[in-house]
Amino acid sequence: YTLELSYLRMERKGGIFTASCSVDGNIWFNFKPVEFSASSAVKGGLFVLNQWNNGNSEASFEYIKIIK
């Protein structure tokens, strides 16, 4: 399975965290929101996880934007 381009959007409102993904940037699939307590300052980052490949996984990230 190869996905050339995908979009990820994450949002926090208080203690509710929501994630969405899209293959075209126009139509979004929303994941179920998760609620948990976290301090007002959190750190953000990106990582790659491939549960179907026994070897190394590779990804490139472009246009990373964090809005406070």
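Biologist: Is Lys13 buried or exposed?

Modeller: In this predicted model, a residue is called exposed when its relative accessible area is over 50%. Lys13 has a relative accessible area of 58%, and therefore this residue counts as exposed.

Biologist: With which residue does Lys13 form a salt bridge?

Modeller: By the rule applied here, the count comes to one salt bridge. A salt bridge asks for a side-chain nitrogen of Lys or Arg within 4 Å of a carboxyl oxygen of Asp or Glu, and the closest N and O atoms of this pair are 3.6 Å apart.

Biologist: What is the order of the elements from the N terminus on?

Modeller: The protein contains zero helices and four strands. From the N terminus on, the elements therefore run, with strands being DSSP runs of at least two residues, in the order β-β-β-β.

Biologist: Which element gives the largest share of the lining of the largest pocket?

Modeller: Two strands, β1 (7–13) and β2 (16–22), each supply at least two residues of the lining of the largest pocket. The largest share of that lining is six residues, and the element they come from is β1.

Biologist: How many nonpolar residues are in the lining of the largest pocket?

Modeller: The largest pocket holds about 2,700 Å³ of space. It is lined by 46 residues, of which Tyr7, Leu8, Arg9, Leu46 and Phe61 are the closest to its centre. Sorted by class, the lining has eleven polar residues and nine charged residues, while the nonpolar residues number 26.

Biologist: What is the area of the nonpolar surface patch that includes Ile66?

Modeller: Ile66 lies in the segment after β4 (34–35), and with a relative accessible area of 73% this residue is exposed. The patch is made by Ile66 together with Leu8, Met10, Leu46, Val48, Phe61 and Ile64, and its area is about 770 Å².

Biologist: Is Ala19 buried or exposed?

Modeller: Ala19 is a residue of strand β2, in a protein of 68 residues where buried residues make up 6%. Buried means under 20% relative accessible area. Because Ala19 comes to 18% relative accessibility, this residue counts as buried.

Biologist: How far apart in space are Val34 and Ala19, C-alpha to C-alpha?

Modeller: Val34 lies in strand β4 and is partly exposed, with a relative accessible area of 44%, whereas Ala19 lies in strand β2. The two residues are 15 residues apart in sequence, and in space their C-alpha to C-alpha distance is 8.9 Å.

Biologist: What separates the C-alpha atoms of Ala19 and Pro33?

Modeller: Ala19, which belongs to strand β2, stands 14 residues from Pro33 along the chain. The C-alpha atoms of Ala19 and Pro33 are separated by 7.1 Å.

Methods
Residues are numbered from 1 along each chain as its sequence is written. This is a predicted model: local features need pLDDT of at least 70, side-chain atom pairs count only at pLDDT 80 or more; totals for chains, interfaces and linings use all residues. Side-chain values use heavy atoms; hydrogens and water are left out. On a 1 Å grid over the protein atoms alone, a cavity is a set of points where a 1.4 Å probe fits but cannot get out, and a pocket is an open set with protein on both sides within 12 Å along at least five of seven lines; lining residues have an atom within 4 Å of a point. Grid points are joined across faces, edges and corners, and a volume is the space filled by probe spheres set on the points. Ala, Val, Leu, Ile, Met, Phe, Trp, Tyr, Cys and Pro count as nonpolar, Asp, Glu, Lys and Arg as charged, and the others, Gly among them, as polar. Buried means under 20% relative accessible area, exposed over 50%, partly exposed in between (1.4 Å probe, protein chains only). Patches are made of residues with over 30% relative accessible area and no salt bridge: like charges are joined within 9 Å, nonpolar side chains (Val, Leu, Ile, Met, Phe, Trp, Tyr) within 5 Å. Accessible areas come from the Shrake-Rupley method with a 1.4 Å probe; for residues, only the protein chains shown count as cover.
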